Amino acid sequence: MKMTLKALRVQYGLTQEKAAKLVGVSESTWHSYENAKTYPPIKVIDRITKVFGVSYDDIIFEPSIPIKL
């Protein structure tokens with residue numbers, strides 16, 4: 001099932017602060033990931049997949065600016 005980082009965090013009942021600590025980033029960094037202001041590097045994505053028990057393909061990274069087709 002594909003989920004955003006926020007949906008994964010909420011599913012586990014975590015605050016942004018707790019999710020950030022589990023993954024090893026700051027709360028503000030996690031906030032930026034959730035809001036698609038920045039995107040996690042591969043090492044952080046690997047930790048996210050392990051912490052939340054999902055594959056890379058299950059994570060949805062929404063763009064911060066809508067894509068116009």
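Modeller: Let's start with E27, which is partly exposed because its relative accessible area is 41% (buried is under 20%, exposed is over 50% and partly exposed lies in between, with a 1.4 Å probe and protein chains only). This is a predicted model, so to speak: local features need pLDDT of at least 70 and side-chain atom pairs pLDDT 80 or more, while totals for chains, interfaces and linings use all residues. Residues are numbered from 1 along each chain as its sequence is written, and side-chain values use heavy atoms, leaving out hydrogens and water.

E27 sits in helix α3, which covers residues 27-34 (helices, H or I with at least four residues, and strands, E with at least two, are DSSP runs numbered from the N terminus). Ten residues separate E27 from E17 along the chain, yet their C-alpha atoms are 4.9 Å apart. Setting aside neighbours within four places in sequence, E27 is in contact with Q16, E17 and A20 (contact means heavy atoms within 4.5 Å).

Now cross over to Q16. You'll find Q16 in helix α2, residues 16-23, and with a relative accessible area of 16% it counts as buried. Again leaving out neighbours within four places, Q16 is in contact with R9, E27, W30, H31 and E34. With E34 there is also a polar contact, side chain to side chain, at 3.0 Å (a pair of N or O atoms within 3.5 Å, one able to donate a hydrogen and the other to accept it; residues adjacent in sequence count only if both atoms are side-chain atoms).

Step back to the two helices themselves. The axes of α2 and α3 come within 8 Å and cross at roughly 100 degrees (axes are lines fitted to C-alpha atoms over the stretch in contact, with angles from 0 to 180 degrees between N-to-C directions). On the α2 side, Q16, E17, A19, A20 and V23 meet E27, W30, H31 and E34 of α3. Sorted by class, this contact has four nonpolar, two polar and three charged residues (Ala, Val, Leu, Ile, Met, Phe, Trp, Tyr, Cys and Pro are nonpolar, Asp, Glu, Lys and Arg charged, and the others, Gly among them, polar).

Another helix comes in here too. In α4, residues 42-52, the buried residues are V44, I45, I48, T49 and F52. They lie on the same side of α4 because they cover an arc of only 145 degrees around the axis (taken from the directions from the helix axis to the C-beta atoms). These buried residues pack against α1, α2, α3 and β2. The face turned away from them carries exposed I42, K43 and K50.

Between α3 and α4 there's a loop that holds A36. A36 is buried, at a relative accessible area of 5%, and has a positive phi of about 55 degrees although it is not a glycine. Most residues other than glycine have a negative phi. Just after α4, G53 also takes a positive phi, about 65 degrees.

To place all this: the protein has four helices and two strands, running β-α-α-α-α-β from the N terminus, and 33% of its 69 residues count as buried.
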